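Please open the model in your viewer and keep the sequence panel beside it. The stops below say what to select and what is to be found there.

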Amino acid sequence: MASQRYEVYFMPWAPFDWDEIGGELRVGRTVFRPFSDEIVKDLDTQVADFLRLLFNQYRDLYNNPVKTITVCHYDPEHRGLLEPLSDEQIKELASTIDVLIFCSVWDELRGAFAEGGRIVPPPNSETFEWYGQSFAPDPFEGEPMVTLVVHGLWHMEELRKLHFQIPMPAHHRGMILPNRELLALLNEMFSDTFSADLRDRLLRSLRWFRIAHKRVQDVDAETQIVQIATAFETLLNLQEERGKKRAFVKSIESWVKETWDDKVEPARDPSSDKYTTAAGQWAWEFYELRNKIVHEGVDPEEELLYPTVDCYGRLVKVTQLDVASLVFGALLIREIDEETQYVHSSARSWSELSPEDLKLMNYLYKNRDWGVRSCLERLGWVRPHTPPPELAEILREEWTKTDDALGGILSSEQIIAERSEMRGDAVKPETHKE
């Protein structure tokens with residue numbers, strides 16, 4: 001009689017801050033939980049012992065068992081915890097992990113641009129490596145065995161003899177706390193009402209984003225430009241081989257002009273017919289760089305950097321990969337936001353407001369959690385926002401009325417301060433008193 005087979009999927013290296021996150025994360029139909037005795041308490045003893053032994057063999061650089069095992073349960077309410085998955089279900093699970101990677105990598109990147117520097121190393125795709133293990137408990141009279149697949153060949157090994165070592169890029173990471181509201185927005189892609197064709201395209205673009213954010217050798221860094229450029233091509237649905245560059249520039253310029261209107265910085269070369277804005281000029285030069293890498297090759301140290309301003313106002317250079325990833329994420333978020341008309345969870349509590357005021361609150365909260373204006377100001381693509389003092393007074397008066405009407409749920413000065421923080425305002429309302 002054939003033994004019952006089980007499958008477990010897990011991420012061994014990702015140091016999620018579960019104290020802040022809580023008991024689990026849910027993306028699509030996948031539930032992510034930290035491995036603990038609570039997970040295995042209702043399982044068969046042999047199955048539980050096998051899982052404990054398996055996860056004990058995943059080691060850090062000092063050969064200590066890692067404490068970062070995250071179990072990935074696909075549709076646990078209907079399938080249970082360890083049911084084998086079909087190829088299509090494994091593909092969906094992989095897509096939910098790509099979403100987690102994006103929310104963690106892009107949110108940290110946005111913060112680094114906005115603040116003008118980094119304190120800890122950025123997350124990378126290796127940190128989120130995931131594995132699946134199939135096993136059967138019946139033959140456990142001898143040593144527990146696992147099946148390994150190497151170069152397409154399958155072979156059996158005794159589990160106790162194996163150690164699975166953490167990749168160097170995943171070592172010495174800070175705790176990972178995904179942007180929960182951004183994660184909720186991307187979760188909308190997995191709803192039944194979301195366009196299936198659009199979901200497929202966006203998820204394919206996120207696959208390229210993940211590949212582009214592996215920690216490669218310095219001499220291979222230019223390949224990341226090709227990979228993030230492919231993510232753009234997939235996201236923007238750039239299909240024609242000829243004219244992709246101009247279509248890419250047009251998409252970037254439409255985005256900055258529609259979003260920031262008269263605050264958009266013009267291109268350094270106003271006579272060019274290829275672009276009209278600083279963002280468009282970056283897009284043209286970025287795609288030229290991509291083509292040069294593919295057809296000629298580049299000197300990574302000289303050509304893979306882009307000027308920006310750090311937190312002290314000094315001119316510094318960041319990688320073209322970071323700039324492109326920032327822009328890619330902003331365009332991806334806009335695509336999902338427009339498709340779903342997403343309402344921020346904090347804005348939902350303001351149901352007493354008029355539709356116009358609710359729209360403003362939704363705008364403010366979303367800009368707090370995934371706005372990129374301050375990042376583009378540092379890149380020199382958008383002029384800093386400095387409203388006149390009288391505008392601040394008008395805002396304060398309007399929100400004072402709203403605050404009084406709602407019984408002081410949130411003060412008008414708090415809202416104005418929050419709006420100033422998100423837009424990079426230099427003017428503080430309390431300094432302009434009559």
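**Thr-308 and its surroundings**

Select Thr-308, which, leaving aside its neighbours within four places in sequence, is in contact (heavy atoms within 4.5 Å) with Arg-314, Leu-315, Val-316, Val-318, Arg-378 and Leu-379. This is a predicted model, in which local features need pLDDT of at least 70 and side-chain atom pairs count only at pLDDT 80 or more, whereas totals for chains, interfaces and linings use all residues. Residues are numbered from 1 along each chain as its sequence is written, and side-chain values use heavy atoms, with hydrogens and water left out.

Thr-308 lies in strand β10 (residues 305-309); helices (H or I, at least four residues) and strands (E, at least two) are DSSP runs, numbered from the N terminus. Because its relative accessibility is 4%, Thr-308 counts as buried, a term for under 20% relative accessible area, with exposed meaning over 50% and partly exposed in between (1.4 Å probe, protein chains only). Its side chain reaches the backbone oxygen of Arg-378 at 3.0 Å.

**Aromatic pairs**

Next, show the rings of Phe-232 and Phe-286. Rings of Phe, Tyr and Trp (its six-membered ring) pair if their centres lie within 6.5 Å, and planes under 30 degrees apart count as stacked, over 60 as edge-to-face and the rest as tilted. A search of the whole structure finds 27 aromatic pairs. In the pair of Phe-232 and Phe-286 the centres are 6.2 Å apart and the planes stand at 70 degrees, so it is edge-to-face. The pair links distant parts of the chain, with Phe-232 in helix α8 (residues 222-235) and Phe-286 in helix α10 (residues 278-295), 54 residues apart. Both Phe-232 and Phe-286 are buried.

**Helix α6**

Move to helix α6 (residues 180-187), where the buried residues are Glu-181, Leu-182, Leu-183, Leu-185 and Leu-186. Among the elements covering these buried residues are β2 (25-27), α5 (87-115) and α7 (196-212).

**Confidence**

Finally, colour the chain by pLDDT, the predictor's confidence in each residue, from 0 to 100. The chain averages a pLDDT of 86, and 87% of the residues score at least 70. Over residues 408-413, however, pLDDT stays under 50, and over residues 422-434 pLDDT also stays under 50. Where pLDDT is low, the predicted coordinates should not be read in detail.

Note on methods: A polar contact is a pair of N or O atoms within 3.5 Å; within protein, one must be able to donate a hydrogen and the other to accept it, and residues adjacent in sequence count only if both atoms are side-chain atoms.
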